[in-house]
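Dear colleague,

I am handing over the structure that follows, together with notes on what was found in it. Please read the notes with the coordinates open beside them.

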Amino acid sequence: MHWHLNEADEVLSSLGSSFEGISSKEAEERLVRYGPNELKEKKKRTTFMMFLDQFKDFMIIILIIAAIISGVIGDATDTIVIFIIVILNAVIGFIQEYRAERAMAALKKMSAPSAVTMRDGKTVTVPARLLVPGDIVLLSAGQVIPADMRLFDAAMLRVEEAALTGESVPVEKHTDTLSEKDLPIGDRVNLAYNGTFVANGRGRGVVVATGMETELGKIAAMLQEEEAVRTPLQKRLENFGKKLALSVLLICAVVFALGVFRGEGTLLMLLTAISLAVAAIPEALPAVVTISLALGARKLVLQNALIRRLPAVETLGSVTYICSDKTGTLTMNKMTVEELYIDSHLIKGKDVAFRKIPEMAPSSPEYSLMVSMALSNDAHTGEGGGGVIGDPTEVALYNLTADNGFDKTELEKDFSRVGEIPFDSERKCMTTFHKGLVPGSNFSSITKGAIEVVTEKAHSILTSEGVRPLKSDELHRINDRMAADGLRVLCIALRHWDEVPDVLDTENVEKDLTIIGLVGIMDPPREEAARAIEVCRTAGIKPVMITGDHPITARAIAKRLGLLDEDSREVMTGRELQKLPVEEFIEEVEHISVYARVAPEQKLKIVKALQERGHYVAMTGDGVNDAPALKRADIGIAMGITGTDVSKEAADMVLLNDNFSTIVGAVKEGRRIFDNIRKFIKYTMTSNSGEILTIFLAPFFGLPIPLLPIHILWINLVTDGLPGLALAVEPKERGIMKRPPRHPKESVFSHGLGIHIVWVGSLMGAVCIFTQEWAMSENGAHWQTMVFTVLALSQMGHVLAIRFEQDSLFSKGFFTNKFLWGAVALTFILQMATIYVPFLQPIFKTEALSLG
């Protein structure tokens, strides 16, 4: 139902209610019919099933099989190590998923615990869960609205709807019928919504929707329907695992067959093939991935980004689109005076450098404007010298005057307030009376409000040459230019009185005014956000602004941030998006950089459309309305300062400083982490291919199998593991933010990694076989120990050689990763121990080698 289109009495009639409410008996019957006024959850998985699900990953299944095989052939150490890695991975995944399930609990917390309603003609307080459609609810300042309501009484009622709509300032509510059917939620000002907050005033309304039928309920339903998407790394590793498993099975079968054909013992060849299969699986990969992500997450906390789900760290490096909220992320989330129009001059607020009060002529326009902004203002400093408290617009005026030496508290000692006509959304202005503001008059009234209203009540304007007749056209032209820049314009005017009127009515008080000037206010863009957007473009990432604010404001902020480029169309509104068929929108979505006045389900529509085009999408948000889109995005980013609990629980990452530039820093870290995971894969798979080729090629040269199962497992556990883990802390590559994001369908073996694995693995295999051939032809002794050692130490040289994609080890410096050098040194010592420690020689079937 479009309740905002109907008169209040029509709504009451259609709901079978009246201005006195419904009876208790009727309420009980409706409670049975409509159900309780609460959010319903889908049946949850049990905690045990959630834990078991962590073992479904293909790579994990392969590792479990490898562990079982290791146990069967008697290598208990390898089995234990693999199982520790697998269980650790499962525990981390389980904790992340368990925390994610709490989004619905946070949503439920937003609901009001109780409500004041009319039953049987009497005012009663009932638990909010017992409210039904048709109930009359009374609202007052400080209350959480308990259900969706059509208002029929609103006295200076303003509602904080930021969590639901993204609107940065409290919304003025009224009871008039609206005419447009498809108005965004934020513009349906005769409705009040479940979970929003009464900032001030009072009101009454009839409940039109409860529980899952409310706007909050619809978001809850979307939140439960949307499945979190798999991360790029998860997709790539699954694909990698499948290809690896098939390759390993094929190679092991060939090695076994060739060995048996050459006359090797069947049992020895079976153990060798199985050992080779275990060796080919990079057991340390899940550990390296987990450690890389955990270290990255720890580093990001220091940069004001809290990671809630570890895979999100790497996902950041893959994003091609960042869809950001405007308020607080791209802007300061602080209304600020940007421009002033005084005495025929238009000046920037930050450039105003007035003299101190004693040095100024009290009759000057500057003095009058500053004093008027300070006094006709209900903002005040919090207790104990805290921040300024009040309406965001008034706080902006308060801060400007205070910064220029006009202290409200001091001014009130001389010019105390003696009367007022409060702000009214219908007249769009407010008036306050003060003692002796200007010499020669006992009292002065200050009126501030919308320019079209105040100019109708004025006949003159104050200039440095005195009071002059008002030229409304000139003033409106200035107003249009300021409004076009996205500024909210206030007009301030004065009137002098001998006595304060006995009756403060608007008709007699708000007339014959003298305008002092215009004030342009906005929530300005962050300077660092503009720089971050430029970095995004260089890095091949497209930033998009999505806001609940008006299109004019959105366009002005976007232009100042450099979001609107030549390829971008102008701002798309929520209404235009609603009319656009999904197929057409998917075609056009890549050309839109700014969205304004969007509804919650439309944010979801934007994310899905970009994903349909093959993009990885990061979405920021702070409100309840953002939660479904945050969950659906490849990486959901919630605001730590202004964000609701619901948005934080649905997100993968929380910005502790609500700053867009923090996201760009996190993207850089994500790219570094994926680079290092690729380096580990390059290192370990090259080493594994070297082992496989050494064993595979030896029979073709008429040589015996060069390595025993114990050698293969040792190399796999020690030489692969320790240096591989140390690669996780490699510093970032040069120009990491000057390259485009990885293509979503890009293989982990792309950019020459697969070729490197084959040719360097072949080189290692060739060196080992040459060593075997030479050693056997020289004296025939120690050849197996020599092959074992050459293969282990070749891998140490290799790990140092692949530290950087673009630069050599010599140009970057040897000791930029001390952990790696420690791992190489320890591996060398352990390898020497297998050769020279007497009690290890029979275990590893080695012999001491001479220096030569």
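Two strands are said to pair if DSSP finds at least two bridges between them, and helices (H or I, at least four residues) and strands (E, at least two) are DSSP runs, numbered from the N terminus. By that rule strand 10 (residues 336–342) and strand 11 (residues 345–348) pair in the antiparallel sense, over four bridges, and L340 has I347 in strand 11 as its bridge partner.

This is a predicted model, in which local features need pLDDT of at least 70 and side-chain atom pairs count only at pLDDT 80 or more, while totals for chains, interfaces and linings use all residues. Residues are numbered from 1 along each chain as its sequence is written, and side-chain values use heavy atoms, with hydrogens and water left out.

As for the whole, the protein has 33 helices and 26 strands, and its C-alpha atoms fill a box of roughly 120 × 70 × 50 Å, taken along the principal axes. Of its 852 residues, 54% are buried, where buried means under 20% relative accessible area, exposed over 50%, and partly exposed in between (1.4 Å probe, protein chains only). Among contacts (heavy atoms within 4.5 Å) with a separation of 6 or more, 71% are between residues 24 or more positions apart. The protein exposes about 36100 Å², of which carbon and sulfur atoms supply 59%; accessible areas come from the Shrake-Rupley method with a 1.4 Å probe, and for residues only the protein chains shown count as cover.

The hairpin of strand 10 and strand 11 has two residues between the strands, and D343 there takes a positive phi near 50°, although D343 is not a glycine. With a relative accessibility of 16%, D343 counts as buried. N333, in the loop between strand 9 and strand 10, is likewise not a glycine and has a positive phi of about 60°, but N333 is partly exposed, at 38% relative accessible area.

Eight strands form an open sheet of mixed pairing, in the order 8-26-25-24-9-21-23-22, with strand 8 (305–307) and strand 22 (572–573) as the edge strands that each pair on one side only. Strand 22 runs parallel to strand 23 (residues 594–596) and is joined to it by two bridges; M572 has Y595 in strand 23 as its bridge partner.

Q602, in helix 23 (residues 600–612), is buried, with a relative accessible area of 7%. Leaving aside neighbours within four places in sequence, Q602 is in contact with G574, L577, Q578 and R597.

On the surface, I68, V72, F83, I87 and V91 form a nonpolar patch with about 430 Å² of accessible area together. Helix 4 (58–72) and helix 5 (76–100) are the elements that give two or more residues to this patch, and helix 5 gives the most, with three. V91 lies in helix 5 and counts as partly exposed because its relative accessibility is 34%. Patches are made of residues with over 30% relative accessible area and no salt bridge, like charges being joined within 9 Å and nonpolar side chains (Val, Leu, Ile, Met, Phe, Trp, Tyr) within 5 Å; a salt bridge is a side-chain nitrogen of Lys or Arg within 4 Å of a carboxyl oxygen of Asp or Glu.

With best regards
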